[in-house]
Amino acid sequence: SRAIKTNQDLLPETPWTHIFYNDFWGTLLTHSGSHKSYRPLCTLSFRINHAVGGMDPWGYHLVNVLLHAAVTGLFTNFSRILFGDGYWTLIAGLLFASHPIHTEAVAGIVGRADIGACLFFLLSLMCYVKHCSTRGSSPSTWGWILGAGLCAGCSMLWKEQGVTVLAISAVYDIFVFHRLKMHQIIPALYKRKNLTLFFSIGLLTSWGTALLGVRLYWMGNKPPSFSNSDNPAADSDSFLTRTLTFFYLPTKNLWLLLCPDTLSFDWSMDAVPLLKAVSDWRNLHTVAFYAGLLLLAYFSLKGSSNERECNGKTVMNGKQNANGHSCHSEMEYKTLEVKSSFASKEENGIKKHEVQKLQLPSTENIVILSLSLLIVPFVPATNLFFYVGFVIAERVLYVPSMGFCLLVTVGIRALYVKAQKRFLKNLVFCSTAALIVFYGLKTVVRNGDWQNEEMLYRSGIKVNPAKAWGNLGNVLKSQSKISEAESAYRNALYYRSNMADMLYNLGLLLQENSRFSEALHYYKLAIGSRPTLASAYLNTGIILMNQGKTEEARRTFLKCSEIPDENLKDPHAHKSSVTSCLYNLGKLFHEQGHYEDALMVYKEAIQKMPRQFAPQSLYNMMGEAYMRMSRLPEAERWYVESLRSKSDHIPAHLTYGKLLALTGRKSEAEKYFVKAIQLDPTKGNCYMHYGTFQID
């Protein structure tokens with residue numbers, strides 16, 4: 001809702017340049033309550049969607065699906081560089097296309113940030129690959145590295161993790177293109193032939209530093225702040241709890257990639273219980289995960305063995321054991337000889353065709369790149385450098401899943417090569433096909449959960465019952481299933497009793513069903529849980545005012561009007577509630593005959609109201625106050641302002657009609673009374689005012 005439905009940056013009357021100063025949710029980036037999620041290109045795509053199709057969700061979903069298709073195509077094309085033409089590239093592409101972890105990013109509209117970032121991530125990486133292949137032989141090589149830098153910048157403007165492509169490019173250059181081992185990197189510094197390599201790495205480093213510096217400066221040099229429910233581990237006072245939990249979370253994310261059986265729209269709050277002691281059995285998962293990761297990285301970086309595989313062919317000491325591509329064991333890479341595209345030249349009167357060697361990287365090279373692609377884009381979500389506003393977010397795994405798919409593919413290829421019998425090779429292929437089919441079926445099933453809000457929230461009850469029941473209550477309420485909605489809210493509070501939003505929502509439901517004393521109880525609990533919740537003060541004041549407790553209502557409205565919007569997640573909604581509080585306080589003064597006080601409060605409300613606030617009632621009450629004070633010109637001005645802001649506002653038609661009748665403009669007055677009746681023929685109040693006008 002905040003990213004699209006209530007985001008003012010999508011509206012045509014908002015200058016498009018605001019997109020580059022506000023965060024993803026439409027809040028000023030330097031505001032203390034800003035999420036600091038700076039994704040202007042994603043917001044710009046939403047604005048284009050809005051301009052073309054308004055709020056029709058079909059167009060938004062179409063763009064997401066098309067972007068995912070484009071990313072899948074680019075990823076498959078990149079896989080060809082590593083695996084060549086054949087089954088392995090196809091398997092990598094199918095794994096990525098079918099993986100269920102992508103459902104949230106593709107089916108959820110706001111997940112477009114991850115898809116767009118991945119698109120430019122791959123474009124940047126492909127540009128850098130082209131730079132590597134043309135370096136030293138073509139002047140266009142520097143155009144390619146410029147393209148890589150620009151695409152990296154665009155990727156970061158879709159989502160922050162996009163900047164990590166520069167690190168992946170460096171890994172590709174060192175370990176895949178140049179095939180250096182870890183122990184060879186330092187000696188390579190002293191070789192003149194490697195100057196271009198380190199110059200390119202220097203450019204990547206400088207550009208990455210510049211992008212991060214500008215990004216930090218643009219967001220006000222301050223990290224975002226989050227509530228403790230968003231990331232409970234970050235709010236824990238125990239260093240041991242924070243450390244154990246943060247080390248465990250990457251393990252849980254890898255398991256979601258490997259076995260995406262249990263997925264959820266939200267993993268905040270207690271969805272992943274904190275690890276508070278070393279004796280927690282989940283620490284075994286953590287140890288196994290990091291041990292496996294380190295061993296895999298160590299053997300890939302260490303060096304060679306005599307036996308290598310060549311795209312499905314086993315090779316011993318540079319000689320292959322079956323018909324296929326020859327390999328060079330000393331340099332540990334595969335070589336595929338093909339005739340070049342007839343770039344022939346005559347030499348001594350004889351035509352000769354040049355032979356070009358297309359070198360495919362070794363398994364170790366691919367593993368290093370795959371691990372980098374899996375780990376590096378995920379680093380911003382690890383709480384290592386700064387705290388993030390979630391525990392686990394499936395959409396964040398969209399980019400790292402490319403590394404996972406490559407890693408699985410290279411593992412399958414290694415198994416296939418090691419298998420000596422045809423039966424075992426067929427078994428590997430069949431198992432791979434089954435994995436892709438199962439992933440695809442799970443994706444289809446998970447898409448069913450995303451068909452509508454009710455199904456989505458019901459699917460999340462197992463993982464995050466507090467959040468799921470609360471959101472389900474909102475859906476059931478919108479469907480007029482009042483008793484079911486109340487039960488859902490109470491279920492949410494059973495799991496987490498201090499959720500201010502749920503306490504407020506339950507109070508609102510009770511208020512709308514005339515259970516005012518119960519509603520007041522829950523509003524007070526909501527205020528106790530979150531003293532800055534202006535909407536709870538607003539509704540508390542309205543109930544007290546209707547009960548005749550005017551002094552308590554006045555104090556409540558005044559207290560609400562004094563709450564600042566500092567460090568609030570949604571300052572726009574807060575300002576709307578504060579404006580409404582001032583409006584009702586003005587009405588209270590108006591009913592008591594204190595018109596000067598009412599005018600002062602109305603003027604304060606006008607100063608504080610946000611852009612999205614509908615001001616017609618406020619302007620009309622300003623006119624009423626001036627009318628009671630016999631300051632008719634000012635009253636007329638505010639009645640006109642009310643009708644200008646909302647031309648079908650019935651109260652303004654009636655009050656302006658009365659003013660026109662009072663000043664002798666009866667023909668004009670009659671038009672406004674008749675218009676009010678036309679706007680709502682069932683409203684008896686309109687007929688009463690018109691009848692009074694006719695009698696006079």
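**Stop 1: α25 and α27.** Select residues 616-628 for α25 and 650-662 for α27; their axes come within 10 Å and cross at roughly 30°. (Axes are lines fitted to C-alpha atoms, for helices over the stretch in contact, with angles from 0 to 180 degrees between N-to-C directions; helices are DSSP runs of H or I, at least four residues, and strands are runs of E, at least two, numbered from the N terminus.) That makes the pair roughly parallel, the word for angles under 35 degrees. Now show side chains: Asn620, Glu624 and Met627 of α25 meet Pro651, Ala652, Thr655, Lys658, Leu659 and Leu662 of α27, contact meaning heavy atoms within 4.5 Å. By class there are 5 nonpolar, 2 polar and 2 charged residues (Ala, Val, Leu, Ile, Met, Phe, Trp, Tyr, Cys and Pro are nonpolar; Asp, Glu, Lys and Arg charged; the others, Gly among them, polar).

**Stop 2: α19 and α21.** Go to residues 500-512 (α19) and 534-546 (α21), which pack at about 25° with axes 11 Å apart. That makes α19 roughly parallel to α21, and their crossing is left-handed. Tyr504, Leu508 and Gln511 in α19 touch Ser535, Ala536, Asn539, Ile542 and Ile543 in α21. This contact has 5 nonpolar, 3 polar and no charged residues.

**Stop 3: annotated spans.** An unreviewed UniProt entry lists transmembrane regions, including 58-75 and 366-390. Residues 58-75 are 100% helix, with end C-alpha atoms 26 Å apart; residues 366-390 are 40% helix, with ends 31 Å apart. UniProt also lists 221-293 as "domain: DUF1736", a span that is 49% helix and 0% strand.

**Stop 4: confidence.** Colour by pLDDT, the predictor's confidence in each residue from 0 to 100. The chain's mean is 87, and 92% of its residues reach 70 or more. Finish on residues 314-357, where pLDDT stays under 50. Where pLDDT is low, the predicted coordinates should not be read in detail.

How values were computed: Residues are numbered from 1 along each chain as its sequence is written. This is a predicted model: local features need pLDDT of at least 70, side-chain atom pairs count only at pLDDT 80 or more; totals for chains, interfaces and linings use all residues. Side-chain values use heavy atoms; hydrogens and water are left out. Angles under 35 degrees count as roughly parallel, over 145 as roughly antiparallel, 65 to 115 as roughly perpendicular and the rest as oblique. A crossing is left-handed if the near helix is turned anticlockwise from the far one by less than a right angle, and right-handed if clockwise. UniProt positions are given in the numbering used here, feature names are shortened, and annotations may be inferred rather than shown by experiment.
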